[in-house]
Amino acid sequence: MSDVTSSSNEAPTNLHQRLRSRIPNLLPDNPTVAAILPIYAPGGIHPNVRRITLSTGESLIAKRYLFAPLTKHESWHLPAVEKTVSDHLADLGCSVPRVLATIDDDIVVLEDKGRLTLDDAAQTLPRVKRMRIAERVVEAFAQIQNAFERADDRFEALVAPGADRESVQSAFLELRERLTTRRLQSLIGEDQESKKISGELQKLVEELADRPLSVGPIDYNARNIVLDESKKPTFIEWSKIGYDWAERRLVQYLASLGAGRAGSSPRLLIDRRIQDVFAAQTGTVDTDLKNHVRLFSALLGRINGHPTAHTDQCAT
């Protein structure tokens, strides 16, 4: 396969040469690189991620961090965080890919855990199948969340800039500006109703901001969950961690936006069953999850049942 074009500073040809020359010496039995394949993102070919096929028939993922040189001497150095967090979670049986090797401190080689993303599955599979997958996602997410909570302060030094507790709470409170009466009028068209709902949602933001935050993933979206052939979910992207609410993480992991897919529409894979599974897995009441669902739905443009955006009817 010919080299693909890239918007990064390093030409794809150079990247591929590095992968071909370095990977065999980093893996057991020194397998050669048989092929380097592009991975597609909503905007086209991902400039920094490749799927590597080895002479053994196995496949791996190589991910390059363009900004790694800028974080090299920081405690939150991107490749180092990816390896530290992934190793810890994998050792505890969590559904994450292991880092198998690093190249020149700016590339990590990871296990390949699947080609289909949750976002793709949510847009293409029947509702019953995607909700079955969503249940497995909740179970795997709860295991990861519990692993972070049991780690105490182990990951505190790895928290990314701007992802500390105070910064996250402050940014969350700014959501109130997107939920003013004036903005909601364009969605609902009724002055009194808009005023009432705006007040409710702004109060909801303030209440949720006061709920406990915990360290965990901060790049939470449905494209960062990949599925293998059995539809087992694996959570990827562990180079950045920080504080957030477990419920908000889960809501956005289960929110399929169908980016870059013709004819797609937002689908929130949360129903009564998913809420019950989350509560059972985490030992929490589901009120916060319901409130984060309501808030996220409002930000998508779906206000109290007003279908201002095409959302999946499984949302509650």
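Visitor: Which residues line the largest cavity?
Guide: This is a predicted model. In it, the lining consists of Phe148, Ala151, Asp152, Asp153, Phe155, Glu156 and Val215.

Visitor: How does that lining split by class?
Guide: There are 4 nonpolar and 3 charged residues, and no polar ones.

Visitor: And how much space lies in there?
Guide: About 40 Å³.

Visitor: How many cavities of 30 Å³ or more are there?
Guide: The count is 1.

Visitor: OK, the core. Which residues touch the most other members in the largest nonpolar core?
Guide: Val85, Leu89, Phe148, Phe235, Trp238 and Leu254. That core has 64 residues. Helix H5, residues 127–150, supplies the largest share, with 10 residues. Phe148 also lines the largest cavity.

Visitor: What does tryptophan 238 touch, sequence neighbours aside?
Guide: Leaving out residues up to four places away, Trp238 touches Val81, Glu82, Val85, Ser86, Leu89, Val96, Ile144, Phe148 and Pro217.

Visitor: Which residues does the second core include?
Guide: Ile23, Leu54, Ala62 and Ile107 are among them. This core is separate and has 14 residues.

Visitor: Switching to histidine 292. Where does it lie?
Guide: In helix H11, which covers residues 287–300.

Visitor: Is histidine 292 buried or exposed, and why?
Guide: His292 counts as buried because its relative accessible area is 4%, and the cut-off for buried is under 20%.

Visitor: What is histidine 292 in contact with?
Guide: Phe172, Leu208, Trp245, Glu247, Arg248 and Val251. That leaves aside neighbours within four places in sequence.

How values were computed
Residues numbered from 1 in each chain as written. Predicted model: local features only at pLDDT ≥ 70, side-chain atom pairs only at ≥ 80, totals over all residues. Heavy atoms only, no water. Helix = DSSP H or I, 4+ residues; strand = E, 2+ residues; numbered from the N terminus. Buried < 20%, exposed > 50% of the residue type's maximum accessible area, 1.4 Å probe, protein only. Contact = heavy atoms within 4.5 Å. 1 Å grid on protein atoms, 1.4 Å probe; cavity = no way out; pocket = protein on both sides within 12 Å on 5 of 7 lines; lining within 4 Å. Points joined across faces, edges and corners; volume = space filled by probe spheres on them. Nonpolar A, V, L, I, M, F, W, Y, C, P; charged D, E, K, R; others polar. Core = buried A, V, L, I, M, F, W, Y, C linked by side-chain atoms within 4.5 Å.
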